[in-house]
Amino acid sequence: MTDAVLEVRNISKAYEGVQALKDVSLTIGRGEIHCLVGENGSGKSTLIKCIGGVVAPDSGQVIIGGRSFERLQAIDAIREGIQVIYQDLSLYPNVTVAENISLNQFVERRTSFVDWREVRAIAARGTWAERSGAIS
């Protein structure tokens, strides 16, 4: 048994003949901090998108908290505590900062209505990651 929070095993992904990832493996244990560094086009963003459930790898596994996902969806990653901040700033320009901050929490709970007091309270307290103890 491992105390790995996140494992990526033998992930490969190609786009129209361009090999973005080839047999990439990574293990992150509880309390560890890692940084992805590489040149433009080296596959950093593709790997993060596979971990976040936004892009399906062509082969390999993403394992979160010991649970292997056959087809990881973004909502699955969110529910498992994966929060991704993309370099291309995936904010919704037609909503407020408070709504952008609280969106993942409402999506995770499958809330079909907006509680504006809660939206403001979430924004006032900080991000989900800070509140959950993922970062301190």
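**View 1. The protein chain has four strands and five helices.** The model shown is predicted. From the N terminus, the order of the elements is β-β-α-β-β-α-α-α-α.

View 2. The protein chain holds 136 residues, and 28% of them count as buried. Its accessible surface is about 9,500 Å². Carbon and sulfur atoms account for 52% of that surface.

**View 3. Contacts across the sequence.** Take the contacts in the protein chain between residues at least 6 apart in sequence. Of these, 45% link residues at least 24 apart.

**View 4. Glu7 sits in strand β1.** The strand spans residues 4-15. Is Glu7 buried or exposed? Glu7 has a relative accessible area of 10%. Buried means under 20%, so Glu7 counts as buried. The side chain of Glu7 also makes a polar contact with the side chain of Arg9. That contact is 3.0 Å.

**View 5. Two cysteines, Cys35 and Cys50.** Cys35 has a relative accessibility of 64%. The cut-off for exposed is over 50%, so Cys35 counts as exposed. Cys50 has a relative accessible area of 2%. That value is under 20%, so Cys50 is buried.

**View 6. A search for disulfides.** A disulfide is a covalent bond joining the sulfur atoms of two cysteines. How many disulfides does a search of the whole structure find? The search finds zero.

Methods:
Residues are numbered from 1 along each chain as its sequence is written. This is a predicted model: local features need pLDDT of at least 70, side-chain atom pairs count only at pLDDT 80 or more; totals for chains, interfaces and linings use all residues. Side-chain values use heavy atoms; hydrogens and water are left out. Helices (H or I, at least four residues) and strands (E, at least two) are DSSP runs, numbered from the N terminus. Buried means under 20% relative accessible area, exposed over 50%, partly exposed in between (1.4 Å probe, protein chains only). A polar contact is a pair of N or O atoms within 3.5 Å; within protein, one must be able to donate a hydrogen and the other to accept it, and residues adjacent in sequence count only if both atoms are side-chain atoms. Contact means heavy atoms within 4.5 Å. Accessible areas come from the Shrake-Rupley method with a 1.4 Å probe; for residues, only the protein chains shown count as cover. A disulfide is a pair of cysteine sulfur atoms within 2.5 Å.
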